[in-house]
Amino acid sequence: HIMEILRQIDGVLYEDPIDELIKIKLIRDDWNPQDVMEITVDNCEGVYDFAAGGWSGIVNKLRVGFADRIHDYADGSATAQNQANAVGQDGQVREMSVSHPGVCTQALANTIAARELNFYSRPITRCRVVVDRSFLRTVQGDVVALIWPEYGIASLYFRVASVDRGELAAGKITLLLIQDAGYVYRGVL
């Protein structure tokens, strides 16, 4: 049930490395690019499994199923479409359906459909990085900037999907990164 709620509110659950409390971080477009930690050749051993998604097969229509309170909790749905994406795929509709049992109004379903389509309707870059202990306080959901000349990356913003703090003696932390959809949505890239 917790994972379902986190999916609906677009949040992540993590253990704070400082006070060891379980916390929730909401994934929101509320960060400033000048305030994020930067991953560079100076503090990173390497970038691994770097994969930039392609446009082929990307979702361009998303349907959210929900229990509509106004209609006595009958099944309802909200649809969001990315027409430009469909045109780029020769007019083929690639639909994805998700269910959000906690949603009970059309307005909220529409908002969630648009949010989910924003993520699923564009190629997303993923990678794994091994950084030094300066990233010790980094947690899931944090935003980091990757600056890596070898890949021609001047500043690409990622969300931390997972953190492996490893062994203290090794002095290395492994971060799994997923491109931040909110930053893509701002049209900054």
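Strands, here labelled E, are DSSP runs of at least two residues, numbered from the N terminus, as helices of at least four residues also are. The views below show a predicted model.

**View 1. Asp68 in its strand.** Strand E5 spans residues 61-68, and Asp68 is found in this strand. Although Asp68 is buried, no salt bridge is formed by this residue.

**View 2. Polar contacts of the Asp68 side chain.** The side chain of Asp68 is joined to that of His71 by a polar contact of 2.9 Å. The Asp68 side chain also reaches the backbone nitrogen of Ile70, at 3.2 Å.

**View 3. Surroundings of Asp68 from elsewhere in the sequence.** When neighbours within four places in sequence are left aside, Asp68 is in contact with Tyr73, Ala74, Cys104 and Gln106.

**View 4. A nonpolar patch on the surface.** The patch is formed by Ile2, Met3, Ile5, Ile9, Leu13, Ile22, Ile24 and Leu26. Together these residues have about 770 Å² of accessible area. Helix H1 (2-9) and strand E2 (22-26) each supply at least two residues of the patch. The largest share, 4 residues, comes from H1.

**View 5. Met3 within the patch.** Met3 has its place in helix H1 and is one of the residues that form the nonpolar patch. Met3 counts as exposed because its relative accessible area is 62%, and exposed means over 50%.

Terms used: Residues are numbered from 1 along each chain as its sequence is written. This is a predicted model: local features need pLDDT of at least 70, side-chain atom pairs count only at pLDDT 80 or more; totals for chains, interfaces and linings use all residues. Side-chain values use heavy atoms; hydrogens and water are left out. Patches are made of residues with over 30% relative accessible area and no salt bridge: like charges are joined within 9 Å, nonpolar side chains (Val, Leu, Ile, Met, Phe, Trp, Tyr) within 5 Å. Accessible areas come from the Shrake-Rupley method with a 1.4 Å probe; for residues, only the protein chains shown count as cover. A salt bridge is a side-chain nitrogen of Lys or Arg within 4 Å of a carboxyl oxygen of Asp or Glu. Buried means under 20% relative accessible area, exposed over 50%, partly exposed in between (1.4 Å probe, protein chains only). Lys and Arg count as positive and Asp and Glu as negative; His and the chain ends are not counted. A polar contact is a pair of N or O atoms within 3.5 Å; within protein, one must be able to donate a hydrogen and the other to accept it, and residues adjacent in sequence count only if both atoms are side-chain atoms. Contact means heavy atoms within 4.5 Å.
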